[in-house]
Amino acid sequence: MDYKLTTNNLCAKDFIRLRESAGWGNPLLEHQVAAGLENSLITVEAICDGQVVGMGRLVGDGFTIFYIQDVIVLPKFQGHGVGTTIMQRLIAHISDSALPGTRVATGLFSVKGKEGFYKKFGFCARPDDTGGAGMLMRVESRGCHSEINEKRSGQSGT
Ligand SMILES: CC(C)(COP(=O)(O)OP(=O)(O)OC[C@H]1O[C@@H](n2cnc3c(N)ncnc32)[C@H](O)[C@@H]1OP(=O)(O)O)[C@@H](O)C(=O)NCCC(=O)NCCS
């Protein structure tokens with residue numbers, strides 16, 4: 001299968017299309033996705049015949065903690081190594097970003113049944129002998145979004 005990888009070239013519509021192909025619930029708004037992509041550390045896209053057929057992205061502070069998010073390959077293109085090359089590109093970005101002499105924690109949430117795919121890259125499922133469980137909650141908006149973001153952009157300008 002002929003495809004190439006690009007970076008930081010993912011639009012919200014393609015993200016939503018790939019997410020829907022994976023059957024993930026919790027639909028996201030297009031402008032919410034666009035802002036999320038803009039704030040990602042890197043997005044990686046697999047392109048075949050001009051179409052995005054796979055993606056993955058990194059979020060985090062870029063220095064001390066990284067999270068791998070939304071690794072998705074369209075069903076028709078699965079099983080050809082696309083997911084592997086996307087993961088390798090994301091992990092290479094973390095390795096390149098890490099300060100010399102440091103090792104940085106990298107997390108992800110695996111969909112049930114996909115743990116084996118991530119274990120190939122060295123990820124361990126938790127809880128294990130030393131680490132506690134991964135936890136998740138969905139927090140409701142309090143409607144202060146603009147206020148908080150104005151404060152943030154004010155701070156970054158000082
Ligand atoms: C998970 C996913 C990204 C893998 O992409 P892919 O392009 O099919 O993966 P690859 O072809 O690179 O497979 C790499 C290896 O992982 C293995 N693998 C793939 N899915 C696996 C699974 N669920 N469990 C164990 N191993 C798996 C493959 O057999 C292959 O092994 P090999 O290198 O020994 O041949 C893809 O199945 C997908 O998009 N699924 C739907 C979305 C999803 O669930 N994403 C994960 C979010 S947490």
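1. I91 counts as partly exposed, because 17 C-beta neighbours lie inside 10 Å, and a residue needs 20 or more to be called buried. The residue belongs to helix α3. Its C-alpha atom is 22 Å from that of D2, a residue 89 places away in sequence. The model is a predicted one, and the points below should be read with that in mind.

2. I94 lies in helix α3 as well. With 19 other C-beta atoms within 10 Å, I94 is partly exposed; the cut-off for buried is 20 or more. Leaving out residues up to four places away in sequence, I94 touches L58, F66, V104 and T106.

3. Five strands make up an open sheet with mixed pairing, and their order is β1-β2-β3-β4-β5. The edge positions are held by β1 (4-7) and β5 (105-107); each has a single partner strand, so one side of each has no neighbour in the sheet. From one strand to the next the twist averages 20°.

4. The pairing of β1 with β2 is antiparallel and covers four bridges. Within it, K4 has I47 of β2 as its bridge partner. β2 and β3 also run antiparallel, joined by seven bridges, and here E45 is partnered by M55 in β3. The hairpin of β2 and β3 has two residues between the strands, and D49 takes a positive phi near 50° in that hairpin.

5. β3 and β4 are antiparallel too, with six bridges between them. L58 stands opposite I68 of β4. In this hairpin four residues separate the strands, and G62 has a positive phi near 80°.

6. Which way do β4 and β5 run relative to each other, parallel or antiparallel? They run parallel, and three bridges join them. I65 has A105 in β5 as its bridge partner, while F66 is bridged to T106 of β5. Both F66 and T106 are among the residues that I94 touches.

7. β4 deserves a point of its own. Seven of its nine residues are buried, so the strand is largely enclosed by the rest of the structure. D70 is found in this strand. D70 is buried, with 21 other C-beta atoms within 10 Å. Its phi is near 55°, a positive value in a residue other than glycine.

8. The largest nonpolar core holds 19 residues, of which M55, I86 and L90 touch the most other members. At least two residues of this core come from each of α1 (12-21), β2 (42-48), β3 (51-60), β4 (65-73) and α3 (82-97). The largest share, five residues, is supplied by β4. Neighbours within four places in sequence aside, I86 is in contact with V44, A46, G54, G56 and V71.

9. Which residues come nearest to the ligand? Of the 18 residues around it, they are A22, Q78, G83, T84 and G116. Two or more residues of the shell are given by each of β4, α3 and α4 (115-119). By type, the shell divides into seven nonpolar, nine polar and two charged residues.

10. Two backbone details in loops remain. N8 sits in the loop between β1 and α1, and its phi is near 55°, positive although the residue is not glycine. N8 counts as partly exposed, with 13 C-beta neighbours inside 10 Å; the cut-off for exposed is 12 or fewer. The peptide bond joining R126 and P127 is cis, with omega about 5°. P127 is placed in the loop between α4 and α5 (145-156).

Methods. Residues are numbered from 1 along each chain as its sequence is written. This is a predicted model: local features need pLDDT of at least 70, side-chain atom pairs count only at pLDDT 80 or more; totals for chains, interfaces and linings use all residues. A nonpolar core is a set of buried Ala, Val, Leu, Ile, Met, Phe, Trp, Tyr and Cys residues joined through C-beta atoms within 7 Å. Two residues are in contact if their C-beta atoms, placed from the backbone, lie within 7 Å. Two strands pair if DSSP finds at least two bridges between them. Axes are lines fitted to C-alpha atoms, for helices over the stretch in contact, and angles run from 0 to 180 degrees between N-to-C directions. A residue is near a molecule or strand if its C-beta atom, placed from the backbone, lies within 6 Å of it. Ala, Val, Leu, Ile, Met, Phe, Trp, Tyr, Cys and Pro count as nonpolar, Asp, Glu, Lys and Arg as charged, and the others, Gly among them, as polar.
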